[in-house]
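Here is a friendly briefing to read alongside the model. Please keep the viewer open as you go through the points.

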Amino acid sequence: MRLGIFGGTFDPPHVGHVAAAHGAVAAMALGRVLFVPAGAPPQKHGHASAEDRFRMTVLAAEDEPTFAVSRIELDRPGPSYTVDTLRALSGADDLFFICGADAIRDLPTWHEWEELPKLAHFVGVTRPGTTWPPVPYATYVPMDGVDVSSTEIRERVAAGQPIAGLVAPKVEAYIREHALYVR
Ligand code: ATP
């Protein structure tokens, strides 16, 4: 199967993530997209707990039969290195690692980054405000980008501003119920 791997902090997952995953499925004929929330992101400090980020990602993905969510990085101790995840998932499937331009620009700072293109083909998704750099091991998929970030959502919640339309209704309900991101 052509398997998309979508790694992220998902703090929280938002409509931009879902649109990016749909765009990658359509452009690359992926059979499935596995959302992989980072357990302990090496380069980002989580705001919500890893379990809360995982549960929100499940809520964001569960109505789409092509999407699934993996606990692989949550259940592995230590920092969540993408190279370890791709090695663990490599086997029968062809792996396609989905990411935005901000992530691909950071790639040279990732653990064992030169191994990554050997393990997966990279799929670049449009992220408004960013420009996709030419990288030989990736396919850029132009799509209608959705201009939203998890940072914006956290800031809006903290400021008491609405987030409807920026996250799935079930994700918003989870954020409210668990009082996430309130200062
Ligand atoms: P934060 O604001 O906390 O930095 P984020 O919105 O960038 O978070 P991440 O979970 O860090 O979200 O992103 C995971 C992956 O999703 C990255 O590859 C990122 O480029 C991509 N991504 C995030 N938001 C969008 C978006 N609006 N459109 C396309 N890709 C996105």
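**Fold and overall picture**

Along the sequence, the elements of the protein run in the order β-α-β-α-β-α-β-α-α-β-β-α-α, giving seven helices and six strands. Here helices (H or I, at least four residues) and strands (E, at least two) are DSSP runs, numbered from the N terminus. This is a predicted model, in which local features need pLDDT of at least 70 and side-chain atom pairs count only at pLDDT 80 or more, while totals for chains, interfaces and linings use all residues. Residues are numbered from 1 along each chain as its sequence is written, and side-chain values use heavy atoms, with hydrogens and water left out.

**Size and surface**

- The radius of gyration (taken over C-alpha atoms) is 16 Å, which agrees with the value near 16 Å for a compact globule of 183 residues, the globule rule being 2.2 Å times the number of residues to the power 0.38.
- Along the principal axes, the C-alpha atoms fill a box of roughly 45 × 35 × 30 Å.
- Of the 183 residues, 48% are buried, that is, under 20% relative accessible area (1.4 Å probe, protein chains only).
- Contacts (heavy atoms within 4.5 Å) with a separation of 6 or more come 69% from residues 24 or more positions apart.

**Nonpolar cores**

- A nonpolar core is a set of buried Ala, Val, Leu, Ile, Met, Phe, Trp, Tyr and Cys residues joined through side-chain atoms within 4.5 Å.
- The largest has 22 residues, and I5, I104 and F122 touch the most other members.
- Two or more residues of this core come from each of β1 (2-8), β2 (32-37), α3 (82-89), β4 (94-100) and α4 (101-106).
- Another core, of 18 residues, lies apart from it and includes A20, A24, V33 and V125.
- Beyond its neighbours within four places in sequence, I104 is in contact with C99, F122, W132, P133, V135 and Y137.

- S150 sits in helix α6 (residues 150-158) and counts as buried because its relative accessibility is 11%.
- Not counting residues up to four places away in sequence, S150 touches D11, P12, H14 and H17.
- Y181 is in the segment after α7 (169-177), and its relative accessibility of 11% means that Y181 counts as buried too.
- Leaving aside neighbours within four places in sequence, the contacts of Y181 are D11, P12, H47, A48, M56, R154, V157, A158 and I175.

Conventions: Buried means under 20% relative accessible area, exposed over 50%, partly exposed in between (1.4 Å probe, protein chains only).
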